[in-house]
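Hi,

Here is the structure I promised to send over.

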Amino acid sequence: MGKATAKLVVEQGGEVLIASRSAEKLRLAQAEIVGKQGAVTTKVLDNTDEIAVKEFFDSLEAGEYNALVISAADRAVHGSFLSLEVSQVKALFESKFWGAYFCAKYGAPKLAPGGSIVFFSGVLNRRPGLNCSPLASVNGAIEGLTRALALELGPRLRVNCFSPGFMETERFDHMEVPKKQAMLESTAQSLPLRRVGQPEDAAAAIYFLMSNSFTTGIVLDCDGGHQIRQYASQVNDPFRGK
Ligand SMILES: NC(=O)c1ccc[n+]([C@@H]2O[C@H](COP(=O)([O-])OP(=O)(O)OC[C@H]3O[C@@H](n4cnc5c(N)ncnc54)[C@H](OP(=O)(O)O)[C@@H]3O)[C@@H](O)[C@H]2O)c1
């Protein structure tokens, strides 16, 4: 979703600096985003490394960028609350919450006045699923941070949060193809729009948060209607017509 957002910004005539931990992935992303010379620069950065994040933002000129979009999160842990190792849940917080926190803390002073920050949460906070308490918790923490920072960093900056539903991204590439396809298909069938999201759906919503000058402190859902999806199966739901 981060890459799709960078593509959209470049299509709109903007310039982006994209960061991740892998130089090879950044090289491929840079090649994929077609734009004018110098429209895409890259930085290898692990955002869980507070010192590296601070040094990176210290190296930027103030006012050089209008927006900071933080989509980074490592693989999420799933499992029952009683059986999950606390250390695994803490690792998710390290990557998704603290990584975003460091970027906002050291990046905010460098953004141009009128600029904005976009955090990422996810549908599992307000519409949880069984065995998803780690993501429910970390997404809630990020949404809370969003509202607090919108107050504290305004009026110079706007701060919003993007909350995706199920999006077909590289995040699931580690899965066996049949399993991945089955998961995507069954999720799609449970949604009012009968499809999962694409990175481009996310990019359009994130672009709105980055650019709309009167939007701050919100969580924007882009989830194909996931919040109102019907969970009961056709077989055992007495209120559903045949
Ligand atoms: N896809 C969904 O269905 C879905 C649903 C709800 C919420 N979300 C949330 O949306 C966000 C983006 O998801 P996505 O599906 O676009 O994920 P993705 O395809 O896995 O992309 C995440 C990117 O973050 C980078 N990253 C991970 N850890 C990092 C770190 N410590 N430092 C720097 N970069 C790091 C990864 O690159 P490297 O490996 O090269 O570092 C990767 O390019 C995540 O916060 C996710 O939890 C996704």
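Let's start at the ligand: one of its oxygen atoms sits 2.7 Å from an N or O atom in the side chain of Ser20. Bear in mind that this is a predicted model.

At Leu45, a backbone N or O atom is 3.5 Å from a nitrogen atom of the ligand. At Ser71, a polar backbone atom lies 3.3 Å from a ligand oxygen. As for cover, the ligand on its own has 880 Å² of accessible area, and the protein covers 86% of that.

Who else is around the ligand? There are 25 residues around it, and the ones that come nearest are Ser20, Arg21, Lys96, Met167 and Thr169. By type, the shell splits into nine nonpolar, nine polar and seven charged residues.

Now for the strands. S4 (residues 111-120) is mostly covered, with eight of its 10 residues buried. What does S4 pair with? On one count, strand S3 (residues 65-70) runs parallel to S4 and is joined to it by five bridges; Ile70 has Phe119 in S4 as its bridge partner. S4 also pairs with strand S5 (residues 158-164), again in the parallel sense and over five bridges.

Cheers

Terms used: Residues numbered from 1 in each chain as written. Predicted model: local features only at pLDDT ≥ 70, side-chain atom pairs only at ≥ 80, totals over all residues. Heavy atoms only, no water. Near = heavy atom within 4 Å. Polar contact = N/O pair within 3.5 Å; in protein donor to acceptor, adjacent residues only side chain to side chain. Areas by Shrake-Rupley, 256 points an atom, 1.4 Å probe, with all protein chains shown as cover. Nonpolar A, V, L, I, M, F, W, Y, C, P; charged D, E, K, R; others polar. Buried < 20%, exposed > 50% of the residue type's maximum accessible area, 1.4 Å probe, protein only. Helix = DSSP H or I, 4+ residues; strand = E, 2+ residues; numbered from the N terminus. Pairing = 2+ DSSP bridges.
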